[in-house]
Structures are given as C-alpha cells and as structure tokens.
Amino acid sequence: LKIAVMPTMDGLPIFLAYEHHYFDTLGVDVRLLRYKAQMDCDTALLGGSAEGSVTDLVRAERLQQKGLVLDYTIATNTYWQLYANRMARITSIAQLSDKMVAMTRYSATDMLTSIAVDSVHPKYDIYRIQINDINIRLAMLLNNEMDAMWLPEPQATVARLHGHQLLMSSEDKNIHLGIIAFRQKGMLTQHRKRQLKLFIQAYKQACDSINHYGVKHYAILIKKYCGVNDATIKALPNLSYTFKIPKSIDIIQARNWNRNH
C-alpha cells in the first residue's frame with residue numbers, strides 16, 4: 001500500500017506507524033513515497049504509483065474534477081499560517097497590497113489567499129507566486145526573497161523562530177482542509193480493502209501514542225521526515241492527533257472554491 005507523504009507534521013502518525021512497525025505487526029505492507037511538493041503527490045495519485053496521499057481538500061477536489069475518483073478517508077490536523085517577511089515590516093494582510101505571496105495553485109494555500117484578500121480588499125493586487133517545494137518556499141522567506149508565504153508545521157515554527165510576522169492562520173478561520181485521500185479505483189479488491197482497514201487501525205494506534213507521549217517525544221522521526229533541528233522541535237506547539245473523517249462543510253467549501261477559480 002503506497003502512500004505519498006510530505007515533510008510536514010500531518011504525516012507524523014504515518015511516519016510513526018511505519019518506523020515503529022505498527023503496519024508490519026498488523027500485517028499490512030505500507031511503502032512511503034516521500035515528496036517535497038504537493039504536485040508530486042498528486043502526480044503519484046493520478047498515475048497510480050500511489051494508492052493514497054496526505055493532501056488537502058482543495059487539491060483533492062481539483063483532482064476529482066479531472067476525473068480521478070477519491071475517497072477522503074481521514075481528516076488530518078493540518079493548518080496553514082501566513083507569515084510576512086520581517087524585513088518587509090508588514091503587520092497586517094492589508095499591507096500585502098502589491099506584494100508577493102508564495103503558495104501552491106489550486107490548493108488550500110490558494111483558497112486561503114483568496115479568503116485573506118477578500119477579508120481586507122487591498123488597494124493593489126496581491127501576487128500569488130507558485131513555489132511548490134515546501135523547503136524551497138521556506139528558504140525564500142529565510143533568505144528574504146519573498147514578501148509572505150503560507151506554511152504548515154513544522155515550517156511555520158521555523159518562520160516564527162526567525163522572527164517573521166504571523167498574519168493569519170487557517171485555524172482562526174475554523175477551516176480544516178487537511179486529509180488523507182485514497183484512489184477509489186485502486187482500492188476495490190478485498191485485498192486492498194483489508195489493507196486500508198489495517199492502515200486505519202495502525203494510524204489510530206499512532207495517534208493515541210503521539211497524544212500520550214507528545215510530539216516532542218518523537219523528535220528523531222520529525223528530524224528524519226521533516227528535516228528540522230532540535231530548536232524547531234522544542235518550539236513546536238502541542239499538536240493533537242485524532243482519527244476522524246472530513247466535515248461536509250469543509251468539502252463543500254473546497255468544492256465551491258474550485259468551481260469559481
């Protein structure tokens with residue numbers, strides 16, 4: 001069972017279940033396909049080289065528009081934060097007028113940019129710059145090459161530690177777009193259905209373990225899969241992980257945004 005993952009904290013239960021052999025113990029052979037850009041995860045899903053992917057509802061709805069039927073199996077705890085470069089001295093979204101914001105097109109970050117723009121109606125356009133590789137995007141903020149950008153965890157914590165200005169968080173808007181999606185076509189056999197059932201069982205176990213011990217207990221895993229240092233891990237917020245399915249309101253919001261863009 002091949003799962004496309006990113007170097008982000010929403011994948012931690014999967015990383016834990018894989019590294020601590022929860023999957024093996026239950027009898028499901030899970031292979032992780034590690035990518036740095038959501039576009040590459042999408043390509044893996046579209047081409048069938050991955051059965052599942054850690055993604056977001058906006059991207060998933062876009063793939064469905066292209067004819068790829070997906071099941072939204074798990075809602076993750078992902079949130080995205082909009083950080084302004086500290087050198088730009090921007091303290092509000094309105095000040096992003098005529099500025100560049102790094103994001104991924106047709107994704108949660110694109111939709112969140114629309115919500116941010118609509119909330120303030122800046123005098124001039126906000127320029128959406130597509131930087132798909134999450135590590136390159138963060139590096140552009142740290143190197144003062146971008147005015148602002150959307151970041152998930154743990155990259156958002158890196159930005160905070162470097163003194164960049166938080167302008168908006170998807171959490172504050174009560175928008176929950178993170179999911180783990182599976183190709184419906186590839187999961188119809190009894191063998192695949194059994195694999196998925198065991199994947200979910202191992203995922204639940206991993207969530208319980210993280211909530212019991214805390215994310216910082218798994219510093220070695222976070223370093224390996226997310227590529228951040230001890231200072232970042234120490235500064236991470238207390239993230240909680242639960243098994244749940246996406247809410248209809250979030251799916252509808254993502255679907256409607258796609259239809260209008």
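Strands β5 and β8 pair in the antiparallel sense, over 4 bridges. Two strands count as paired if DSSP finds at least two bridges between them. Helices (H or I, at least four residues) and strands (E, at least two) are DSSP runs, numbered from the N terminus.

Before I go on, some bookkeeping. This is a predicted model, in which local features need pLDDT of at least 70 and side-chain atom pairs count only at pLDDT 80 or more, while totals for chains, interfaces and linings use all residues. Residues are numbered from 1 along each chain as its sequence is written, and side-chain values use heavy atoms, with hydrogens and water left out.

Back to β5. Within its pairing with β8, Leu82 has Trp150 as its bridge partner. β5 is also joined to β9 by 4 bridges, again antiparallel, and there Ala84 stands opposite Gln165. Both faces of β5 are covered: Gln81 and Tyr83 are buried on one side, Leu82 and Ala84 on the other. Buried means under 20% relative accessible area, exposed over 50%, and partly exposed in between, using a 1.4 Å probe and protein chains only.

Now the whole sheet. It is open, has 5 strands in the order β7-β6-β8-β5-β9, and its pairing is mixed. β7 (127-130) and β9 (165-169) are the edge strands; each has a single partner, so one side of each has no neighbour in the sheet. From one strand to the next, the twist averages 30°. The parallel case is β6 (residues 100-103) with β7, joined by 4 bridges, where Val101 is partnered with Arg128. Helix α6 (residues 134-142) lies across β5, β6 and β8, at about 140° to β8. Axes here are lines fitted to C-alpha atoms, for helices over the stretch in contact, and angles run from 0 to 180 degrees between N-to-C directions.

Next, a loop. Where is Thr76? Thr76 lies between β4 (70-75) and β5 (81-84). Thr76 is buried, at 7% relative accessible area. Leaving out residues up to four places away in sequence, Thr76 touches Asp10, Gly178, Ile179, Ile180 and Tyr203; contact means heavy atoms within 4.5 Å.

Last, helix α9 (residues 219-226). Its buried residues are Ala219, Leu221, Ile222, Tyr225 and Cys226. They sit on the same side of α9, because they cover an arc of only 160° around the axis. That arc is taken from the directions from the helix axis to the C-beta atoms. Among the elements covering them are α1 (12-19) and α10 (230-235). Just after α9, Gly227 has a positive phi of about 70°.
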